[in-house]
Amino acid sequence: MTKRFRPDVDAPEWKGGHSPYDILKEGAIALLVVAILTIGLAIVFGSPDEPAISLKTWSTATPVDFAQDALSQLNATSETATYGPPYNNVSTGQQLGPLQLAKWVGVTMQINTAKVFVIDPLKSQPAQPALKGALAQWSSASSSTRASWVANYTKSATKMKWVAGAIVVNATNAGPVPEFITYLTDMARTGALDAVLTQQSAFYTTNYTLPLLFLEDGTYLSNQATHEHLAGDQWGMMNETGNYPGQAWLWLYTFWYQVPPFNSSGNADILVWGLMMLLTLLLALVPFIPGLRTIPRKVKIYRLIWKEHYQNLD
Amino acid sequence: MSNEMDRQWTTRLRHRVLKVLPPEKVMPDTQPTYVSSWIYVFGVTTVAALIVVIASGCLLALRGPLWWHTSSIGLFVNSLHLWSVEIFFFAMVIHLWGKYFMAAWRGGRALTWITGVVTFVVSIATAFTGYLSQTNFDAQWISTQAKDGINATGGGAYFNVLNTGQMLMWHIVLLPIAIIALVGLHVLLVRIKGVVPPFEEPAKVAVES
Amino acid sequence: MSLLRIGALLPLNTLGHYIHWHWIDISVANFIVICLMVVTFIVALFAPFPGRRRRKENK
């Protein structure tokens, strides 16, 4: 009994001839060609290496931006402070319809931004009378007093200036907050904040979560990225610094971020992830999808690939 | 004794492997005459590029992840790694296009196609962790942006793209093992099933035995 | 050794050039890579493959 032959699923049995084929030689030639091409491209074009931005670099170049970021950590308005899981429960994170994946997995890297980015680094510094007094004033105050100090400073900080090597904010009833912001900025400009946030009082480290989150909450990093055409709304995911080719294979992933509804959605990331997972699944399952698996036979590009075979048949 | 040997795991596995993959299939010296197009070279070119990627990666490993920032030889080796990756994806995508238009999944070759797609996706993940391991501005930007996508799925709670050490180890240990296993399986499947024959014209009625 | 000094005869470290066309915004480098891929695919489809006589003999 013969089954129906499905031309997009089944393959005819090859009853034709075979010709000599040296698989090892083919592999060796391919390796040689690729190696030569790689060496040639490396010699001609090299590769990019834009140096990393440290907290020291950032706070030296734009001390006001750094100080504003430090304040946003203290008053818990920064992106990290309001992020949600995995850093905190201030928000629920993104959702895809009824799926709140980030919330369900939960907080695994608890970050209290005021403590981690401001108070603890300041406490780690050798005691200086003014800073010691400021920290003592802070720790003996109630949480409502602290909140009031921070709010008063924040109100005045819109007119923050950098004058003669110091942060200047004309705030009243701000308690020790002006000292905190001034000292933290000085700490950053010496490189001490890089060390404290990276090492976290350990010796060895390979985890840069804290300094990277702090850095990203400011505008310096993103301004550099926009300058290099790497921002999300610049198709940046595909791009490399300078004139180097980037990741062209991410074209479809980054495309969605440029168009509605993704480009204005607060859930853009999970929406795009969900869509790309679905499309990837479709690609993997092409052999089982009628229509998609029929296109090759209809489009007939195969006649070019097997033209010699079809000519011999004719 | 012979019955006892036949029941051994080693003997049974050997028989099974030789049945599915006899030596002349693993290391063939002929191929069907319809394999007569330059489209067929992109699979082996992808594998060749992968070998150069791994070799240049091993050279980078010799002196550690910061070497290329301060050494001109290190920078050159990094360039080898970057360009071999570009060639790897270049060849892989053309290979994908060719295989799609050949409908290469026909005749029981669906698993070959699927392993190919999975390898593509794992390769993207490997390249991604590589970019995260650069310890430069690009790595800072990519990690702080990518974290939002991965955090949104819940994966960021355990796969922390801001943890450079973790990302480096995924890049040089876990993901290369996955790629090598997947590419190995993919190539073995091609050897077991053979290269897909051309579409018949006109279309055939009876199925192959 | 001088070839390795910068690792580049034509370093591409200057600010990237981009092509803007409606909502498409692509780097010249990526555009070249994609064009090369398409051209390579088309050439591979059409270019004659060596060994034709040998295959005819083994038909």
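# Chat on a three-chain predicted model

Me: Starting with chain C, how many helices and strands does it have?
Reply: Chain C has three helices and two strands. Helices (H or I, at least four residues) and strands (E, at least two) are DSSP runs, numbered from the N terminus. This is a predicted model, in which local features need pLDDT of at least 70, side-chain atom pairs count only at pLDDT 80 or more, and totals for chains, interfaces and linings use all residues. Residues are numbered from 1 along each chain as its sequence is written, while chains are lettered from A and ligands numbered from 1 in the order in which they are written.

Me: In what order do the elements of chain C run?
Reply: From the N terminus on, the order is α-β-β-α-α.

Me: How do the two strands pair?
Reply: Strand 1 and strand 2 (residues 24-27) of chain C are antiparallel, with four bridges. Strands count as paired if DSSP finds at least two bridges between them. Ile19(C) is opposite Ile26(C) of strand 2. The hairpin has two residues between the strands, and His22(C) has a positive phi near 55° there.

Me: And His20(C), buried or exposed?
Reply: Exposed: His20(C) has 8 other C-beta atoms within 10 Å. A residue is buried if 20 or more other C-beta atoms lie within 10 Å of its own, exposed if 12 or fewer, and partly exposed in between, with C-beta atoms placed from the backbone. His20(C) belongs to strand 1 (residues 18-21) of chain C. Of the 59 residues of chain C, 15% are buried.

Me: How far apart are His20(C) and Arg54(C)?
Reply: Their C-alpha atoms are 50 Å apart in space, and the two residues are 34 apart in sequence.

Me: Next, chains A and C. How many residues does the contact take from each?
Reply: There are 30 residues from chain A and 30 residues from chain C. Two residues are in contact if their C-beta atoms, placed from the backbone, lie within 7 Å.

Me: What about chain A against chain B, how many residues?
Reply: That contact involves 83 residues from chain A and 82 residues from chain B. Helix 1 (residues 23-45) gives the most on the chain A side, with twelve residues. That side of chain A divides into 48 nonpolar, 22 polar and 13 charged residues.

Me: Which strands join the two chains?
Reply: Strand 1 (residues 18-20) of chain A and strand 1 (residues 30-32) of chain B run antiparallel and are joined by three bridges. His18(A) has Pro32(B) as its bridge partner.

Me: Switching to helix 5 of chain A. Which residues are buried?
Reply: In helix 5 (residues 113-123), the buried residues are Thr113(A), Phe117(A), Val118(A), Pro121(A) and Leu122(A).

Me: Why do they line one face of the helix?
Reply: Down the axis of helix 5 of chain A, the buried residues fall within an arc of 105°, so they line one face. The arc is that of the directions from the helix axis to the C-beta atoms. Among the elements covering them are helix 3 (63-74) and helix 6 (129-139) of chain A.

Me: What domains does chain A have?
Reply: The assignment gives domain 1 (55-225) and domain 2 (232-314); domain bounds come from an automatic or database domain assignment. Their C-alpha centres lie 41 Å apart. The contact takes five residues from domain 1 and six residues from domain 2 of chain A.

Me: And chain B?
Reply: Chain B is assigned domain 1 (38-102) and domain 2 (105-197). Their centres, over C-alpha atoms, are separated by 14 Å. Twelve residues of domain 1 of chain B are in contact with eleven residues of domain 2 of chain B.

Me: What is the mean pLDDT of chain B?
Reply: The mean is 94, and 96% of the residues of chain B reach 70 or more. pLDDT is the predictor's confidence in each residue, from 0 to 100. Over residues 204-209 of chain B, pLDDT is below 50. Where pLDDT is low, the predicted coordinates should not be read in detail.

Key: Ala, Val, Leu, Ile, Met, Phe, Trp, Tyr, Cys and Pro count as nonpolar, Asp, Glu, Lys and Arg as charged, and the others, Gly among them, as polar.
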